[in-house]
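This briefing is meant for a reader who is meeting the structure for the first time. Please keep the sequence and the model side by side while going through the points.

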Amino acid sequence: MAMAGLYRRILPSPPAVDFASNEGKKLFIDAIQAGTMEGFYKLISYFQTQSEPAYCGLASLSMVLNALAIDPRRKWKGPWRWFDESMLDCCEPLEKVKAEGISFGKVVCLAQCAGAEVEAFRTSQTTVDHFRQFVKRCSVSDSCHVVSSYHRGAFKQTGTGHFSPIGGYHAGSDMVLILDVARFKYPPHWVPLALLWEAMDTVDEKTGQRRGFMLISRPQRDPGLLYTLSCKHESWVGVAKYLMDDVPRLLKSEDVKDMDGVLSILCASLPSDFGKFIQWIAEVRRERDGGTGISEEEKGRLAMKEELLKQVQDTDLFKHIVDFLSSTSCCRRVAVFGGNENLHDIAASVCSQGLEILSGRSGTSGCSCCRETCLKCVNGSSDKPLTVLSATIVNGKNEEKVDMLVPQSLMKLCCGAPDPNNCIRTQPAGSNILTALLLALPPETWSGIKDVKLLEEMHSLVLMDNLPAMLQEEVLHLRRQLYLLKKCQENKVDEDLSAPPL
């Protein structure tokens, strides 16, 4: 008995050429011999079918991120780190994407938040000749990939707006291979590049903006080694508005004379949930996944975190912030940057949240609690000690041991004595976080300071050129996140895809 529903579609040909047809095979072989299919091998290795009818943008992005071997730095299932559509939820709720799809601008936002380098172009911003040059550039390399946003109608296909990666280029016929992520509907197919341009040069009715394409590549190093911004907590809209709009206005309205005055204005009205907006990236693992030791990969990441923390703490801005946060007059106003928690309290919270993520229960109503924590030191690279804080997490009748890998610099910030049971705070643990945040704010944030000498001092403290290269990358990553989050907040991410000011 025939079942209700649809089983695939017949690919309209022309204008498309089925990848598996004789003509499609010939185009493929010719393109391989011409060297314009280099990106295909990585993409086909991670080719996937979108899991929901409206997930074409998420499927295309997760496929490209995996092809570029970008580490998501969070677990997918079991011990495995892997990009999946379900993990691409920081710029648009998955339920909304499932119901309405996702815009071009939000996919660009997701790609950057996931750690990729992105160049995005609407058809109104470039030409078909430039598009052809970009396609050729990516077709002879496996280090960048093109994701196209187009309207299916140009190919006589059913449906409207769609996303898919471009898998290769045939110069002789000027055709591109579309690796259609809706594999339940249409197979991979070749189409004329000029016709794909026409399909992209259409208006998305929901945003009023033209479609386009993006070039996605792997950054020189993984960004966000220490810090990340999150829009998952409901307070992020207010925090982003405070940092980007209110702080510049307050600095302009007040007559501040010194750095303490600047920091007082910043912290006086800081939203109470600020700590959920900017967080340091914890290294959390199940004890059974990590074994008894620390892998070379984990040692390497911790060593980079150590170096980055040292660079933060070597800045003059950090020294100002430590002095300010250590003063008794400001303790109550900046409890969000440390409060009275010691490292064990922080670890209990982080490990509980970490286990929820590892178990795929993040955001659920299930209640986990930490029964105990213990500290142990192991040898790192060059025999430098590394700190592992283990916790036993209880959820109902189940309990599991979880490890949190802690850079030594964070230990020194949280503990004034070697004995972890005697954690005496010598300087607020949030001073490094606040330093990174202030460095990440747009340069024009400080332009309202009226005192000329103070303005010069502030510009010198936050000047990007004065920072080491690794710290520059970290700061720029946070700045991009903040910029994109503000665009999302204002619903302008589809209007302005330009990079934030440096």
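Predicted model: local features only at pLDDT ≥ 70, side-chain atom pairs only at ≥ 80, totals over all residues.

Helix α9 itself runs over residues 259-268 and is mostly covered, since 8 of its 10 residues are buried. The points below take up this helix, then a cluster of aromatic rings, the pairing of strands, a surface patch and some backbone details.

**A covered helix**
- An α-helix has 3.6 residues a turn, so residues three or four places apart point the same way.

**Aromatic rings**
- The count of aromatic pairs comes to 11; in one of them, the rings of Phe121 and Phe213 have centres 5.3 Å apart and planes at 25°, and because planes under 30 degrees apart count as stacked, this pair is stacked.
- Phe121 belongs to strand β4 (residues 117-122) and Phe213 to strand β11 (residues 212-217), so that the pair links parts of the chain that are 92 residues apart.
- Both partners are covered: Phe121 counts as buried at 17% relative accessibility, and Phe213 is buried with a relative accessible area of 0%.
- Phe213 also pairs with Phe131, where the ring centres are 4.7 Å apart and the planes stand at 50°, so this pair is tilted.
- Phe131 lies in helix α6 (residues 128-139) while Phe213 lies in strand β11, so their pair ties together parts that are 82 residues apart in sequence.
- Phe131 counts as buried as well, at 0% relative accessibility.
- Taken together, ring pairs link Phe121, Phe131, Phe134, Trp197 and Phe213 into a cluster.

**Strand pairing around β8**
- Strand β8 (residues 189-192) pairs with strand β1 (residues 17-18) in the antiparallel sense over 2 bridges, and here Val17 stands opposite Trp190 of β8.
- Strand β7 (residues 175-178) pairs with β8 too, again in the antiparallel sense, over 4 bridges, and the bridge partner of Val176 in β8 is Val191.

**A nonpolar patch on the surface**
- Trp76, Trp80 and Trp82 form a nonpolar patch on the surface, and together they have about 350 Å² of accessible area.
- Trp76, which has its place in strand β2 (residues 75-77), is partly exposed, with a relative accessible area of 32%.

**Backbone details**
- Which residues does a cis peptide bond with omega of about 0° join? They are Ser13 and Pro14, and the bond from Pro14 to Pro15 is cis as well, with omega near 15°.
- Pro14 is found in the segment before β1, and Pro15 is likewise placed in the segment before β1.
- Ala69, in the loop between α3 (56-67) and β2, has a phi near 55°, which is a positive value in a residue other than glycine; Ala69 counts as exposed at 51% relative accessibility.
- Lys156, in the loop between β5 (144-151) and β6 (161-170), has a positive phi of about 65° although it is not a glycine, and Lys156 counts as exposed at 61% relative accessibility.

Terms used: Residues numbered from 1 in each chain as written. Heavy atoms only, no water. Buried < 20%, exposed > 50% of the residue type's maximum accessible area, 1.4 Å probe, protein only. Patch = residues over 30% accessible without salt bridge, like charges linked within 9 Å, V, L, I, M, F, W, Y side chains within 5 Å. Areas by Shrake-Rupley, 256 points an atom, 1.4 Å probe, with all protein chains shown as cover. Salt bridge = Lys/Arg side-chain N within 4 Å of Asp/Glu carboxyl O. Pairing = 2+ DSSP bridges. Phe/Tyr/Trp six-rings, centres within 6.5 Å; stacked < 30°, edge-to-face > 60°.
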